[in-house]
Amino acid sequence: MIKGIHRWCSTFTGGYTYYKDAIVLDMNSFNKILAIDEKKKEVTVEAGATISAIQQAIAKKGLAMKVSQSLLFFSVGGSLSVNGHGRDIRHGSMASTVSKMTVITPTGELKTLEKNNKAQHEQMKTILGGYGLFGVIVEVTFELVDDEVY
Ligand SMILES: Cc1cc2nc3c(=O)[nH]c(=O)nc-3n(C[C@H](O)[C@H](O)[C@H](O)COP(=O)(O)OP(=O)(O)OC[C@H]3O[C@@H](n4cnc5c(N)ncnc54)[C@H](O)[C@@H]3O)c2cc1C
């Protein structure tokens, strides 16, 4: 049974995901930007990718994340699992900008869930903000917006 998934903020903020004799998954090497779809305005990334790495990759295409945290060194998996938010009041939490994600379920299945499928969206909602308790986030597709200079 997995009782902790971590990058590094857990240690920084107090080690709240650690458990005696538990297995910890280090997602640092799952850090690739897998695809940028300029037409659909979407980016697909691995869950260990940082917000900073995503912003750098998509800015080159004139795109930006709809919702981004104030600090950019957090991971996608860590941000979505705590239901992270940004400062722009138009789009809600980061989780609301996820169109698709691949997860490992508690029974060990690799499953892709899409927001536009009602049943799959319900399952997505337990994992987003679920602190890693309801599945391991492996890959995520985010909806993007045009980059604008304020
Ligand atoms: C200085 C500072 C500024 C902050 N600013 C903001 C802000 O602007 N907005 C905001 O919303 N929050 C903010 N936070 C909180 C921050 O979003 C969380 O601490 C976030 O979880 C950090 O991401 P991480 O990658 O370090 O996650 P970790 O600490 O590694 O993990 C956090 C949780 O997510 C789970 N998890 C990690 N990866 C996965 C995965 N792949 N699949 C499933 N579960 C996973 C872990 O088990 C753990 O429960 C801030 C925190 C700090 C310290």
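Quick housekeeping. This is a predicted model, so local features need pLDDT of at least 70 and side-chain atom pairs count only at pLDDT 80 or more, while totals for chains, interfaces and linings use all residues. Residue numbers start from 1 along each chain as its sequence is written.

Now, burial. I call a residue buried with 20 or more other C-beta atoms within 10 Å of its own, exposed with 12 or fewer, and partly exposed in between, with C-beta atoms placed from the backbone. Of the 150 residues here, 32% are buried.

So what sits in the middle? A nonpolar core means buried Ala, Val, Leu, Ile, Met, Phe, Trp, Tyr and Cys residues joined through C-beta atoms within 7 Å. The largest one has 29 residues, and I54, L80, V98, M101, I137 and V140 have the most contacts inside it. Several elements supply at least two residues each, among them α2 (51–59), β6 (98–104) and β8 (136–146). β8 gives the largest share, five residues.

Take I54. Contact here means C-beta atoms, placed from the backbone, within 7 Å. Leaving out residues up to four places away in sequence, I54 touches I33, V43, V45, A49 and M65.

On to β4, residues 42–46. Strands pair if DSSP finds at least two bridges between them. β3, residues 33–37, runs antiparallel to β4 with four bridges, and A35 stands opposite T44. The two make a hairpin with four residues between them, and K41 in the turn has a positive phi of about 55 degrees. β4 also pairs with β8, again antiparallel, over five bridges; there V43 has F142 as its bridge partner.

Beyond four places in sequence, E42 touches D37, S99, T141, F142, E143 and L144. E42 and F142 are 100 residues apart in sequence, yet their C-alphas are 5.5 Å apart.

Okay, over to you.

Definitions and conventions
Two residues are in contact if their C-beta atoms, placed from the backbone, lie within 7 Å.
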